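Look at the structure, then follow the dialogue.

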Amino acid sequence: MTKQKLIVIGAGMATGRMLEHLTDAALDAFDITLFNAEPRGNYNRIMLSPVLAGDKTYEEIITHDDAWYAARNITCRFGEAVAGIDRTAKTVTAANGDVLTYDKLVFGTGSTPFMIPLPGHDLEGVIAYRDLEDTEAMMAMGTGKKVVVIGGGLLGLEAAAGMAARGVEVTVVHIMGHLMERQLDEAAGYLLKSSLEAKGITVKLRANSKAILGADGRVRALLLEDGTELPCDLLVMAVGIRPNVALAQGAGLAVGRGIHVDDQMVTSDADVLAVGECVEHDGTLFGLVAPLYDQARVAAQTLLGEAAVFKQKTLSTKLKVTGCDLFSAGDFADGEGREDIVFRDPARGVYKRLVIEGTRLVGAVMYGDTADSTWFFGLIQSGEDISEMRETLIFGPAFQGGASVDPLSAVAALPPEAEICGCNGICKGTIVTAIEGGASDLGAVRSTTKASASCGTCTGLVEQLLQLTLGDEFQKPAAQPICGCCDLTHEDVRRLIKSQELKSQEAVWQELGWKTRNGCHVCRPAVNFYLLADWPLEYQDDPQSRFVNERKHANIQKDGTFSVVPRMWGGITNPTELRAIADAADKYNVPTVKVTGGQRIDLLGVKGEDLPFIWADLNKAGLVSGHAYSKGLRTVKTCVGTDHCRFGTQDSTGLGIKLEQTLWGSWTPHKVKLAVSGCPRNCAEATCKDVGIICVDSGYQVGVAGAAGMDVKETERLVDVPTEADAIDWTVAFIQLYRENAKYLDRPYKWVAKVGLGWVKDKLSDADERARLIAAFELSQTIYRKDPWAEHAKEAERFQPLADLTLEAAE
Amino acid sequence: MSWIDICAIGDIPLRGARKIKTALGCVAVFRTDVEEVFAATNSCPHKGGPLSEGIVHGQSVTCPLHNWVFDLNTGQAKGEAGAITTFPAQVREGRVWIDSTSLVARSAA
């Protein structure tokens, strides 16, 4: 049998492996010529990250050297590109004009990194992360240099970690909400971000790049959409790859996103095969090495005339960054009948999530402890029935006993300097020392350290410390956790958000040992409020963690329509506003118009789709949201005071309007209603409000913690003050103290009953503390004092149905 | 099956929902994870609450009117005798697809 002529285009990992299989099986079957545009043979491209990090040298990752090619009788034409292919004549034309005939041709042209066409992308110092030249450019960076990496995927992060290990100041810019979003869920993404930040890498999420700025033809900085400039000496784009198909396309082969191949790796021409990152098989492209090796084996067998089938398999991912133990495999999306098992150990920074479909394991994400990943990956691939071990599956192969997760782990993980008692500034170490010194119950801890001796909201945490330190000697009273997702009370979670500086929901779920993937309808709104109250600048409100009324900025009614209540400052309105309200009621066929108990006008029965339009109309008349739906400031009721009333002692209307203008838009643990009455006759009914002010000749009586709902309760006097400005200060400080300390869904009267009015008075009587509270409230209001209706009216399409399938569905 | 391209995945907020109109009433499309969607009838069997307005958590949704919790895999209400109809939905290359034949099948049933 005469030797067949085989030409291979591209010396990459896939063709390299194929040539190994081919020459191992039949050394003399083919007369092989290997073209490669790069002036070198095959090296292990996925090991470039360890080369960058300094863990390996280039020589160590060369897979095929000259001797190897010589031993296999392969003619190497390295540094030579292929100029064209004539499939009818079955010839390949090299760049230098040589024409070579072939019997079989294999494409291994690989892929090109995708460069985002930002202004300035062609500046010197803007590179991809693909080959040895790129790696060398990154290795040239050292201490004192700054690098920006665009792309928080596998490759981008390996590049970032490699350079950070060399002392480079690295910033990763990622457009999505968490890192490696294709392989990881949010929880693992959060842990990965924390690990990278601990290595000194800055991570910017949800960041859109706008332009690359240069000086003298060289990159100087990356400009983001929000105006931030990130100075850099080198900019690495690692945002994805595109198969190299131009040559195949020129040769007339069937090409989609990649070169189309069948299960035997044969293209639309029976004598032409393709393997690696340049192919498209069954709609899928390939970037990871495992399927490439499978393709290489199948292609070799096909060339040898053996029957072989390439089958796409479940893939797993591991990040090659020292200290970031991360693993993901299988499928997380598109599940009918799927369930999650979640395990978190905050003390060790461990997160594991298994996705189960029926009796099979179909996906796994692990962070921090990936020791069992091979076992889980095996279960995913084999599809074996796991129902017998389901209960203990998450604990891995070594453990099939059944211990439960330790509810104390979140507190155990706290460092000694973590503050437990915010009132008295007592940290964990001090409390543990006191317990070890003989304080064996809550009372003793309180008297020796003052911890939990003031407002008492850290009691749960102190009790957990007693239990941790004393073990079984201490019997902790049963505390009510927020919900089934965690073992901590509202007060514990609030305290820990502050002391551990938890600034995202993912951080809370992980560090406080949440047992579910992303909470439930009970804990999500509470955690969302605690985060935005404590970290107004750092945390961004999450509408999807809000009850429908606060997400839609309108009150849902029992028939699914909404009610719309415009704000009337202090209950004052005018003919223009009333006309606008009347016009809106006509235009949107509002069935019911009602005057509310809070001195407002309520338009009931508005359709959800109409909301942005009715808001826009009301906005035009100067009307803004009345927040009649929010756990926030609702209304300030007033009487007419000295303006018209013969008994009025002060300008109660004016004070009411000022208070409402100061407080509006703020979120609070529950709704907050105020009233200001101009004299003790109290026409504004101020004595049953959350804050009620009664004007008297000598000044203002500020009362708090009233109620007129399920419970009826008169306000208690907080303070008497001489001036209007004092009355506003005390009111704002009281509301901020409530925002910082109360349990979600406790009205002020319930919260004050728990902490005691004496404690509230002590806090607010301290002029420094009062000033701090007012400043903190003002800071938060720089974000939240704005009209949500105006904001939402701009996004009217969000309120419309996604699609109308009325016609399609009826066919 | 006959898949219809409904929208880009980004049109539905993460852990949120949007609704689509069909001849048989509204269908809610829930986005439970970055690339995970479910579709089901929008109306709660209890008092008709709009489920697309509920809080989406795990692979469940809570009705905004009276907190009935539905498993989006099966449509079954947790701890209640009631269920919603679910429809095949999937994410492919950043687009959300829903099976239109199942919507028709429901009308024939």
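Q: Which residue forms a salt bridge with B:Asp33?
A: The model shown here is predicted. In it, A:Arg517 pairs with B:Asp33 in a salt bridge. Their closest N and O atoms lie 3.1 Å apart.

Q: How many salt bridges does the rule find across the interface of chain A and chain B?
A: The rule finds eight across this interface. Polar contacts are counted there too: 14 residue pairs, both residues at pLDDT 80 or more.

Q: Which elements of chain A each supply at least two residues of the side that touches chain B?
A: Strand E23 (338–345) does, and so do helices H16 (505–511), H17 (523–534), H18 (548–552) and H27 (806–810). H27(A) gives the most, with four residues. The residues on this side of chain A divide into 21 charged, 15 nonpolar and 13 polar.

Q: How is the size of an interface often given?
A: Often as the accessible area lost when the parts come together. Here, chain A and chain B bury about 3900 Å² between them. Carbon and sulfur atoms carry 51% of that. In contact terms, 49 residues of chain A meet 48 residues of chain B.

Q: How many disulfides does a search of the whole structure find?
A: Zero, over all chains. Take A:Cys458: the nearest cysteine sulfur belongs to A:Cys421, 4.2 Å away.

Q: Is A:Cys458 buried or exposed?
A: A:Cys458 counts as buried, at 4% relative accessibility. A:Cys645 is also in no disulfide, with the sulfur of A:Cys679 5.8 Å away. A:Cys645 is partly exposed, at 31% relative accessible area.

Note on methods:
Residues are numbered from 1 along each chain as its sequence is written. Chains are lettered from A and ligands numbered from 1 in the order in which they are written. This is a predicted model: local features need pLDDT of at least 70, side-chain atom pairs count only at pLDDT 80 or more; totals for chains, interfaces and linings use all residues. Side-chain values use heavy atoms; hydrogens and water are left out. Contact means heavy atoms within 4.5 Å. Buried area is the accessible area (1.4 Å probe) that two parts lose on being put together, summed over both. A salt bridge is a side-chain nitrogen of Lys or Arg within 4 Å of a carboxyl oxygen of Asp or Glu. A polar contact is a pair of N or O atoms within 3.5 Å; within protein, one must be able to donate a hydrogen and the other to accept it, and residues adjacent in sequence count only if both atoms are side-chain atoms. Ala, Val, Leu, Ile, Met, Phe, Trp, Tyr, Cys and Pro count as nonpolar, Asp, Glu, Lys and Arg as charged, and the others, Gly among them, as polar. A disulfide is a pair of cysteine sulfur atoms within 2.5 Å. Buried means under 20% relative accessible area, exposed over 50%, partly exposed in between (1.4 Å probe, protein chains only).
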